[in-house]
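Dear colleague,

I am handing over a structure for your attention. Please look through it first, and then read the notes that follow.

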Amino acid sequence: MLFKGVPQSVMRNLFSLPALLLIILVSGCATTPKEPELSLELRQTLWETRYKELQQMNHWQLMGRLGLRVPDQSGSMSVEWLQNQQDFTVYLDGPLGQSLAKIESNDHGIMVEADGKRYQGHTPEALLYDLTGWQLPVSYLRFWIQGVPVPGIQETSMQLDNEGQLSHLKQAGWTIEYLEYQSQPPVSLPGRIRVEKDDIQMTLVARRWQVK
């Protein structure tokens with residue numbers, strides 16, 4: 001006999017293996033049904049309702065983490081963004097809460113505080129380029145952070161997800177990917193976005209939103 005001397009309990013376990021393997025394989029093949037994709041027309045309708053709600057969001061605060069990759073350099077920092085109508089103030093902090101910079105924009109122009117010095121200019125982009133040599137779309141970020149395109153830019157390409165939210169956006173040569181959203185009644189807000197152009201990449205992760 002082929003299995004002579006093998007205990008019956010072991011034999012039962014051996015013969016049950018094929019059935020067990022079959023169950024595992026079948027279970028592995030079973031996947032959660034994919035949510036039906038809404039029509040473009042319905043997604044557009046959801047977007048129009050969402051866009052109207054976001055347009056009314058003029059006072060907000062965002063706290064999170066900003067990853068920045070530029071030629072030959074990369075790093076991350078804490079970010080706090082305070083938006084009040086058209087004016088904004090951005091605080092950038094390094095490890096252990098070390099203050100890196102404060103960027104403030106209002107009707108009088110743009111001001112940057114860094115290394116104990118103050119710098120002023122007419123636009124955030126021009127001033128930061130003079131200070132760092134990097135083309136950073138600071139004026140556009142206030143819109144992209146909210147999950148809306150910058151108004152008035154004709155060459156705009158956008159894609160919507162099943163919730164009528166932006167999933168992909170192209171503006172002014174920049175590509176913005178919306179990787180995650182957070183529920184912030186009455187409207188969801190981006191939880192993680194990636195902004196890229198050429199050899200510059202920014203990744204913003206929102207830890208907390210506060211809408212006033």
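D115 is exposed, its relative accessible area being 75%, where exposed stands for over 50%. The model is a predicted one, and every value in this message was computed from it. D115 sits in the loop between β5 and β6. Its phi is positive, near 55 degrees, although D115 is a residue other than glycine.

D198 counts as exposed, at 75% relative accessibility. As background, most residues other than glycine have a negative phi, and most peptide bonds are trans.

The peptide bond from P185 to P186 is cis, with omega near 10 degrees. P186 is placed in the loop between β9 (174-182) and β10.

**The protein as a whole**

The protein contains four helices and eleven strands. Of its 212 residues, 35% are buried. When contacts between residues at least 6 apart in sequence are considered, 39% of them join residues at least 24 apart.

**Strand pairing**

Strand β1 (residues 59-70) has two partners to report. With strand β2 (residues 73-84) it pairs in the antiparallel sense, over twelve bridges. Within this pairing, G64 has V79 in β2 as its bridge partner. The two strands form a hairpin with two residues between them, and D72 in the turn has a positive phi of about 70 degrees. β1 is also joined to β11 by ten bridges, again in an antiparallel arrangement. There, L66 stands opposite L204 in β11.

A further hairpin is made by β7 and β8, with five residues between them. Strand β7 (residues 156-160) and strand β8 (residues 166-171) run antiparallel and are joined by five bridges. Q159 faces H168 of β8 as its opposite number. In the turn, G164 has a positive phi of about 75 degrees.

**V211 in strand β11**

V211 lies in strand β11. Is this residue buried, exposed or partly exposed? With 40% relative accessibility, V211 counts as partly exposed, because that class falls between the limits of 20% and 50%. Apart from its neighbours within four places in sequence, V211 is in contact with M57, H59, W60 and L189. V211 and P185 are 26 residues apart in sequence, and their C-alpha atoms are 9.5 Å apart in space.

**Helix α3**

Which residues of helix α3 (residues 124-132) are buried? They are P124, L127 and L128. These residues are on the same side of α3, because they cover an arc of only 95 degrees around the axis. In general, an α-helix has 3.6 residues a turn, so residues three or four places apart point the same way. The cover over the buried residues of α3 includes the strands β3 (87-93), β4 (99-106), β5 (109-114) and β6 (117-121), together with α4 (138-146). After α3 comes G133, with a positive phi near 85 degrees.

**Pocket and cavity**

The largest pocket holds about 800 Å³ of space. Its lining consists of 33 residues, and L68, M77, L92, T132 and W134 are those that lie nearest its centre. Strand β2 provides the largest share of this lining, with six residues.

How many cavities of 30 Å³ or more are there? The count is one. The largest cavity has a volume of about 40 Å³. It is lined by L62, I145, P190, G191, R192, I193, L204, A206 and W209. β10 (189-197) and β11 (200-211) each supply at least two residues of that lining, and β10 gives the most, with four residues. L204, one of the lining residues, is also the residue that stands opposite L66 in the pairing of β1 with β11.

With kind regards

How values were computed
Residues numbered from 1 in each chain as written. Predicted model: local features only at pLDDT ≥ 70, side-chain atom pairs only at ≥ 80, totals over all residues. Heavy atoms only, no water. Buried < 20%, exposed > 50% of the residue type's maximum accessible area, 1.4 Å probe, protein only. Arc of directions from axis to C-beta. Contact = heavy atoms within 4.5 Å. Pairing = 2+ DSSP bridges. 1 Å grid on protein atoms, 1.4 Å probe; cavity = no way out; pocket = protein on both sides within 12 Å on 5 of 7 lines; lining within 4 Å. Points joined across faces, edges and corners; volume = space filled by probe spheres on them.
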